[in-house]
Amino acid sequence: MVMRDRITIIEGDITRQTVDAIVNAANTTLLGGGGVDGAIHRAAGPELLEECRGLGGCPTGQAKLTRGYRLPAKWVIHTVGPVWHGGRHGEDDLLANCYRSCFALASAHDLRSIAFPSISTGAYRFPFERAGRIAVRETQQFLAVNSTVEKVAFVCFGQAAYVSYRQILEELIG
Ligand code: ADP
């Protein structure tokens, strides 16, 4: 399948996605938070928090896998994005590492479909377009060398996010 057909952009709620794994933009404790993290924990049910308690947190840029419990997705990949501090504190590389870590887990577990929220662009204030370009670039680089992951979805929360992602995808992939 050509690259462009393996990447989809969806406007909606990531907790509703029927994919092998959804990605959670978590914090280093992995014990739940606001934004997409809160939504995922609410939809998955208390068993998710129980499993997360046993993981011992997660450093920024890395990722850990849990089951999805009551979610339609079988797995949740929890990753911790960088907090934006102006862009000169390694934010770009740390965000790229999040995507790489998620893809490494997806590949190791033979996952075929994965849905991402826009990591770090909510409470962590990473500029949306800059984050989107990193997300698309890392996805493109991963898909070029991997054939087990068939579909990567970017789930955009709101129309502005959707329009922005479409533009980035057109710009970077065509
Ligand atoms: P972070 O702390 O990494 O910035 P947030 O959860 O605050 O994480 O925001 C990350 C992105 O997720 C934001 O762009 C936000 O609009 C989006 N978001 C929030 N809830 C959902 C949801 N249910 N589905 C998809 N995206 C969501």
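How far is the sulfur of Cys52 from the closest cysteine sulfur, and in which residue does that closest sulfur lie?

Author: In this predicted model, the sulfur of Cys52 lies 10.0 Å from the closest cysteine sulfur, which belongs to Cys58, and that is too far for a bond, because a disulfide requires two cysteine sulfur atoms within 2.5 Å. Cys52 is also buried, with a relative accessible area of 1%. For Cys156, the closest cysteine sulfur is that of Cys102, 16 Å away, again too far for a bond, and Cys156 is likewise buried, at a relative accessible area of 1%. The structure as a whole holds 0 disulfides.

Another buried residue is Trp75, which has a relative accessibility of 18% and sits in strand S4, spanning residues 75-80. Leaving aside residues up to four places away in sequence, Trp75 touches Asp20, Ala21, Ile22, Leu65, Thr66, Arg67, Gly68 and Leu111; of these, Ile22 is 53 residues from Trp75 in sequence, yet their C-alpha atoms are 6.6 Å apart in space.

Turning to the ligand, 14 residues surround it, the closest being Asp13, Val36, Thr121, Gly122 and Ala123. A nitrogen atom of the ligand lies 3.0 Å from a backbone N or O atom of Ile14, while an oxygen atom of the ligand is 2.9 Å from a polar backbone atom of Ser120. The side chain of Thr121 places an N or O atom 2.7 Å from an oxygen atom of the ligand. Of the 570 Å² of accessible area that the ligand has on its own, the protein covers 87%.

Technical notes
Residues numbered from 1 in each chain as written. Predicted model: local features only at pLDDT ≥ 70, side-chain atom pairs only at ≥ 80, totals over all residues. Heavy atoms only, no water. Buried < 20%, exposed > 50% of the residue type's maximum accessible area, 1.4 Å probe, protein only. Helix = DSSP H or I, 4+ residues; strand = E, 2+ residues; numbered from the N terminus. Contact = heavy atoms within 4.5 Å. Near = heavy atom within 4 Å. Polar contact = N/O pair within 3.5 Å; in protein donor to acceptor, adjacent residues only side chain to side chain. Areas by Shrake-Rupley, 256 points an atom, 1.4 Å probe, with all protein chains shown as cover.
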